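The exercises below ask the reader to work through helix packing, ring pairs and backbone geometry. Please keep the sequence and the structure at hand, and try each task before reading its solution.

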Amino acid sequence: MENSEGVKIESTVVTEEPLISALDIALFVVIITVAYFWYFKRDKQSSSSEKKPYTIQPSSLSSIEQTSNSSFIKKLKSTGRSLVVFYGSQTGTAEEFAGRIAKEGARYKMKGMVADPEECDMADLVEMKEIQKSLAIFCIATYGEGDPTDNAMDFYEWLQNGDADLEGLNYAVFGLGNKTYEHYNEIAIYIDQRLEELGATRVHEIGLGDDDANIEDDFVSWKEKLWESVCSHYGIEETGEESNIRQYKLVDCSEVLPERIFSGEISQLKSYENQRFPFDVKNPYLSKIAVNRELHKSGDRSCMHIEFDIDGSKMRYDTGDHVAVYPKNSSELVDKIGELLNADLDAVFSLLNTDEESSKKHPFPCPCTYRTALTYYLDITSNPRTHIMKELIEYASDPKDQEKLKLMASSTPEGKKEFHEWILRDNRNIVHILEDLPSVKPDLDHLCELLPRLQCRYYSISSSPKVYPKSIHITAVLVNYTTPTNRVNKGVATNLLAQLIPTNDELPQPTIPIYIRRSQFRLPPKSQTPIIMIGPGTGLAPFRGFIQERDYARKEGREIGEMVLYFGCRKKDEDFIYENELQEYVANGTLTKLHLAFSRDQPEKKYVTHLLEQNADELWNIIGEKSGHLYVCGDARSMAKDVHSIIVKVVMEKGQMTNSQALNYVKKMEQQKRYSADVWS
């Protein structure tokens, strides 16, 4: 009823109130619904954890997971281990070496684990002394121009900036480097010295591996002496037990649903179907090939100009950066392995780490078929290391094959000689080994465990984002060569790229996974700064981008400094790449001078280094009198070293300095980024 003012008034008692009101019923329904979803979500998560063997670890962990996984000390203590082997790896070799050391620890009563410093709280090193007879070993690669690998960067900076008391920490360091580079093993040497400065005890002297020679031999020799030092330091003896213990166990995944099976993705399942920015090493961008054309005019060699379409990807690059290309192995080689081992390549499987505490649950994305693993994830074309020879012994049914493998796996002078000649000199890969030792029939899942991961290939970007913001250009020589056994070995990435030819717009364009790797190879901040570029062959690639960028600035009306390019190839009419472009840049004034050396167009070989020696005045005028920048790109083994020697000589003579002063001058140029090298061996 309503009163005279229109306000509703509740009547006293009209009927009897029900035991359960509508509000009570609604509240009850809400509670039941929440409980239902909570229960089934938990059940789904539980089910998901039970199926963990069929998934790989996500690329990013929650903060809770990161906290629980970051304490390697807790893992050591909870599992009764005393050995931890950290790795700083860019290509997987250091990680492989770390695994081999951790595995061998069992022979010396030191149960070990492998750890990625990026996933660990390295400040916990101060607590290593709490573990009896503990040892930390570091397998550390030096990358680029004396830089730490990506996963060791935080640890390196922690050592540089911190002053932790590491007294009681026992350690040893093995470095992976390349003597053709100036900063040979610089990071490993620094870590070795810095740990000692912070109070740690060096159990064994640092080992320096040279990838330009035989890094496997360097590692094995160092490792043998390491264990001698470990036995002496801790007063322990080798157990003598040397068994090939599997790190991963085979899981049959024949019942796994097709949508849960990896088909070549690097990290995340279905990542190529659902592309999401940002794109990086674990999440590459599936780029269309927009252009693929031949640069050589004649001859039996091939050099490709390739353009990757990045329109709509949100990817950005700077002139001088690198692009990483994820290749895949040829179906011919993959099928050959299946034939040799009489294996079903389409069987679905997973490899699960037997060490439950390891953060690395699988050696590559699982589950997948053997065909997928051999095509996208495993390196089947490089020379296998000696530990693979050792693991293959048990699969040889012919005594002669068995003895050959035993010899190559040994560290005797005869064994090293045989390995060097039969594997390295003759350039045999795993397919060749299985062909030439027909009684060797390893289990395919074990072979998949042993083979290293197939690595992406890096190329200098040969374009400027100012001119080509929607595409990335590379310049790549097709790699094909005949081995001493008359087999034709083919470059994995370049032979794949050679097949990716764009079609007309009506058909799907060929694609390949890529991501951008940042570089320190940069133009001077000021466009007026004069520069000298030295890049024979495909060393021209980044300088094409440099010239494009300066040309863009010139067309905008900005002042640009002198640009001098030294380029060389075999024959002018055969492999003078980008000739018309370069001549046009000379004609419009962007390229001040173009010095050319065609090594085989005359009786006597002529290289860019000869031209540099002839133009000492010009060199000194730019790098000495005008404080210009000098860039070198190409072969590190000979060309880059020769250029460095010539520059030092020019500085001595034209700058009127002693050899020591000239060396210091060039060193200062490098520190100031006025002398930069982008080289490979």
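**Exercise 1. Which residues of H4 meet which residues of H7, and at what angle do the axes of the two helices cross?**

Begin with the contacts, where contact means heavy atoms within 4.5 Å: Phe 97, Arg 100, Ile 101 and Glu 104 in H4 meet Ile 215, Glu 216, Phe 219, Val 220, Trp 222, Lys 223 and Trp 227 in H7. Helices (H or I, at least four residues) and strands (E, at least two) are DSSP runs, numbered from the N terminus. The model is a predicted one, in which local features need pLDDT of at least 70 and side-chain atom pairs count only at pLDDT 80 or more, while totals for chains, interfaces and linings use all residues. Residues are numbered from 1 along each chain as its sequence is written, and side-chain values use heavy atoms, with hydrogens and water left out.

Next, take the axes, which are lines fitted to C-alpha atoms, for helices over the stretch in contact, with angles that run from 0 to 180 degrees between N-to-C directions. The axes of H4 (residues 93–104) and H7 (residues 215–234) come within 12 Å and cross at roughly 25 degrees.

Finally, H4 passes H7 in a right-handed crossing, where the near helix is turned clockwise from the far one by less than a right angle, anticlockwise being left-handed.

**Exercise 2. Describe the aromatic pair formed by Phe 138 and Phe 155, and state which parts of the chain the pair ties together.**

First, recall the criterion: rings of Phe, Tyr and Trp (its six-membered ring) pair if their centres lie within 6.5 Å, and planes under 30 degrees apart count as stacked, over 60 as edge-to-face and the rest as tilted. The structure holds 25 aromatic pairs. One of them, between Phe 138 and Phe 155, is stacked, with 5.5 Å centre to centre and 5 degrees between the planes. Because Phe 138 lies in strand S3 (residues 135–143) and Phe 155 in helix H5 (residues 153–161), the pair ties together parts that are 17 residues apart in sequence.

**Exercise 3. Locate the cis peptide bonds that join Phe 277 to Pro 278 and Cys 366 to Pro 367, and examine phi of Lys 133 and Ser 627.**

As background, most residues other than glycine have a negative phi, and most peptide bonds are trans.

The cis bond between Phe 277 and Pro 278 has an omega of about 5 degrees, and Pro 278 lies in the loop between strand S8 (248–252) and strand S9 (285–294). For the cis bond between Cys 366 and Pro 367, omega is about 5 degrees, and Pro 367 is found in the loop between strand S12 (348–353) and strand S13 (368–369).

Turning to phi, Lys 133 has a positive value near 50 degrees and is partly exposed at 43% relative accessibility. Ser 627, with a positive phi of about 50 degrees, belongs to the loop between helix H20 (616–625) and strand S22 (629–635), and Ser 627 is partly exposed, with a relative accessible area of 42%.

How values were computed. Buried < 20%, exposed > 50% of the residue type's maximum accessible area, 1.4 Å probe, protein only.
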